[in-house]
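I opened this notebook to keep track of what I looked up in one structure.

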Amino acid sequence: EDRRLYSPKMVRDILEKHNFKLSKSLGQNFLIDGNIVRSIVEKGGITEKDFILEIGPGIGTLTEELSIKAKYVVGIELDEALLPILKETLRERKNVEIIHGDILKIDLEELFHKEFKGESIKIVANLPYYITTPIIGRLLEEELNIQGIIVMIQKEVARRMIAKTNSKDYSALSIFVQYYTDPEIILNVPRSVFLPKPKVDSSVIRLNLKNQKMKVENKEIFFKVVRSAFNQRRKTIQNSLSSKELNISKEKIKEILTLCNIDPQKRAENLTAEDFAKISSLFPPI
Ligand code: SAM
């Protein structure tokens with residue numbers, strides 16, 4: 001048990017041995033708790049059939065557990081200084097491949113083709129929080145062959161992702177994530193399980209990709225309308241949609257809302273994704 005990478009002593013020893021300095025700007029908060037590592041993999045529903053892409057393996061703590069449970073694991077790590085460490089810590093794991101790269105820049109379609117040969121995969125990540133939304137955005141928008149995304153994120157962001165209409169956490173992010181996936185919080189994680197300890201609490205969320213997405217006339221206009229509405233979430237929907245960004249008159253908005261049977265005095269948070277789909281389908285090209 002204490003030979004495993006998640007033991008706090010192991011993590012400290014490895015970092016010391018390699019004289020590794022944790023980088024704040026790369027969001028390096030490493031997991032040091034076996035229960036959490038095992039729970040992520042278990043509640044993430046990882047099985048021996050799974051092909052996994054792990055983003056940011058760090059010193060390989062989660063990678064080790066994933067490689068024990070899954071068929072094949074590819075890890076993408078940006079920090080070059082971690083590569084020799086990963087080579088050592090994962091030397092006995094034969095079903096693991098580590099790639100040096102930036103998940104925000106790498107050609108994912110090419111990577112998927114080369115590493116996974118068309119297999120449907122699961123993404124697992126304990127990410128630096130400032131790149132969480134761009135990465136998830138990219139993974140979902142590119143409509144790659146992904147079954148699910150299991151990711152550690154800031155607790156508040158997880159709440160926004162699962163929020164429903166009429167709640168205070170309901171936002172453009174809720175609609176974006178729920179358009180592509182059925183999200184589920186699988187674990188709440190205290191800050192004490194990381195080295196160093198971050199300033200925020202975290203949750204692990206599992207995003208199960210939908211087989212059938214809601215019908216939307218034009219995705220770009222749909223998300224633009226959603227974002228504009230929530231950008232001014234305290235205004236009535238009639239006013240928030242009459243913004244410069246959308247380039248449409250208040251009269252036209254009123255007409256669209258009437259056609260959709262939506263009270264123009266409502267606010268963004270009172271509208272369902274289906275309401276926004278209806279509204280945006282009547283929008284002129286932007
Ligand atoms: N998975 C490890 C764990 O749980 O202990 C490390 C998690 S740490 C929060 C985030 C990791 O992502 C770091 O190892 C960091 O170097 C790496 N990273 C940061 N930005 C990255 C990027 N753009 N592409 C790939 N990896 C990145």
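**Entry 1: ground rules.** I am working with a predicted model, in which local features need pLDDT of at least 70, side-chain atom pairs count only at pLDDT 80 or more, and totals for chains, interfaces and linings use all residues. I number residues from 1 along each chain as its sequence is written.

**Entry 2: the chain.** I found twelve helices and nine strands in the chain. Both are DSSP runs numbered from the N terminus: helices are H or I with at least four residues, strands are E with at least two. The C-alpha atoms fill a box of roughly 70 × 40 × 30 Å along the principal axes. Of the 286 residues, 36% count as buried. I call a residue buried if 20 or more other C-beta atoms lie within 10 Å of its own, exposed if 12 or fewer, and partly exposed in between, with C-beta atoms placed from the backbone.

**Entry 3: the ligand.** Which residues are closest to the ligand? I noted Phe-30, Gly-56, Gly-58, Leu-78 and Asn-126, out of 24 residues that surround the ligand. The elements giving two or more residues to this shell are β1 (30–31), α3 (61–69) and β3 (72–77). By class, the shell has 14 nonpolar, seven polar and three charged residues.

**Entry 4: the record.** In an unreviewed entry, UniProt places the feature "binding site" at Asn-29, Leu-31, Gly-56, Glu-77, Asp-102 and Asn-126. Such annotations may be inferred rather than shown by experiment. I looked up two of these positions.

Entry 5: Asn-29 is in the loop between α1 (8–17) and β1. Asn-29 counts as buried because it has 22 C-beta neighbours inside 10 Å. Leaving out residues up to four places away in sequence, Asn-29 touches Phe-194, Leu-195, Pro-196 and Pro-198. I count a contact when two C-beta atoms, placed from the backbone, lie within 7 Å. Gly-56 is in the loop between β2 (51–55) and α3. Gly-56 has 23 C-beta neighbours inside 10 Å and so counts as buried.

**Entry 6: His-100.** Is His-100 buried or partly exposed? His-100 counts as partly exposed because 13 C-beta neighbours lie inside 10 Å. His-100 is in strand β4 (residues 96–100).

Technical notes. Near = placed C-beta within 6 Å. Nonpolar A, V, L, I, M, F, W, Y, C, P; charged D, E, K, R; others polar.
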